[in-house]
Amino acid sequence: MAAQRQYEELARQLSAIGAVKRGLGRGLPHDCPGGSAAVLVLLDRHGAMRMSRLAELLAVDMSVTSRHVAHVAEKEWIRRDPDPADKRSRILSLTPQGRTKLEELNELSIKTLTHYLHDWSDDEVVQLSTLLARLRDSFGDCRAASARLPFEETTRTPA
């Protein structure tokens, strides 16, 4: 197990990831901000879904999700079809234009990463990708509101 100082350094480095995300965000086209890009990525990765599921995956509230969805729907990158199980709900899915936009976003991400990591070896890029995937897996699906760290004590009293 790593020493305390190694975890402290890791925490510092992870807090600086925001700069990396902002750098990648600067590479996005003006018509597709980060939230819109995230909607497209999640619909591609997880398939058609209700807005409530999308909000859960984005880890944001429904009002924020609704704004992102409205933007990508206006651009015709997604469809909002009635849910056959509940006509009040909508099922969100990518359109062909959305897939095209997603391909454009992927190309831009690759160009941005290539620019910033031009002096990295292939092995270093693979190692970083492997370790980041392992880090994400170690956290599991911590998006759920009820997710608690195993060492956290609950301060709520039962109802």
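Buried residues make up 21% of the 159 residues in the protein. Here buried means under 20% relative accessible area, exposed means over 50%, and partly exposed lies in between, with a 1.4 Å probe and protein chains only. This is a predicted model, in which local features need pLDDT of at least 70 and side-chain atom pairs count only at pLDDT 80 or more, while totals for chains, interfaces and linings use all residues. Residues are numbered from 1 along each chain as its sequence is written, and side-chain values use heavy atoms, with hydrogens and water left out.

Start with the overall plan. The protein has seven helices and three strands. Helices (H or I, at least four residues) and strands (E, at least two) are DSSP runs, numbered from the N terminus. Read from the N terminus, the elements run α-α-α-β-α-α-β-β-α-α. The protein exposes about 11900 Å². Carbon and sulfur atoms supply 55% of that area. Accessible areas come from the Shrake-Rupley method with a 1.4 Å probe; for residues, only the protein chains shown count as cover. Contact means heavy atoms within 4.5 Å. Of the contacts with a separation of 6 or more, 48% are between residues 24 or more positions apart.

Now turn to the sheet. Its three strands form an open sheet in the order S1-S3-S2, with antiparallel pairing. The edge strands are S1 (49–50) and S2, each pairing on one side only. Two strands pair if DSSP finds at least two bridges between them. Strands of a sheet pair through backbone hydrogen bonds, either parallel or antiparallel. Strand S2 (residues 78–83) and S3 are joined by a hairpin through two residues. Six bridges link S2 and S3 in the antiparallel sense. Pro-82 stands opposite Arg-90 in S3.

Stay with S3, which spans residues 86–94 and includes Ser-93. Ser-93 counts as buried because its relative accessible area is 13%. Which residues does Ser-93 contact, leaving aside its neighbours within four places in sequence? They are Leu-43, Ala-48, Trp-77, Ile-78, Arg-79 and Asp-81.

Helix H3 (residues 34–46) lies across S1, S2 and S3. It runs at about 95° to S3. Axes are lines fitted to C-alpha atoms, for helices over the stretch in contact, and angles run from 0 to 180 degrees between N-to-C directions.

Next, look at two loops. Ala-59 sits in the loop between helix H4 (51–58) and helix H5 (62–74). Ala-59 is not a glycine, yet its phi is positive, at about 60°. Ala-59 is exposed, because its relative accessible area is 53%. Glu-76 lies in the loop between H5 and S2. Glu-76 also has a positive phi, near 65°, in a residue other than glycine.

Finish at the surface. Tyr-7, Leu-10, Leu-14, Ile-17, Val-20, Leu-24 and Leu-113 form a nonpolar patch there. Together they have about 550 Å² of accessible area. Patches are made of residues with over 30% relative accessible area and no salt bridge; like charges are joined within 9 Å, nonpolar side chains (Val, Leu, Ile, Met, Phe, Trp, Tyr) within 5 Å. A salt bridge is a side-chain nitrogen of Lys or Arg within 4 Å of a carboxyl oxygen of Asp or Glu. Helix H1 (4–15) and helix H2 (17–26) each supply at least two residues of the patch. Ile-17 lies in H2. Ile-17 counts as partly exposed because its relative accessibility is 37%.
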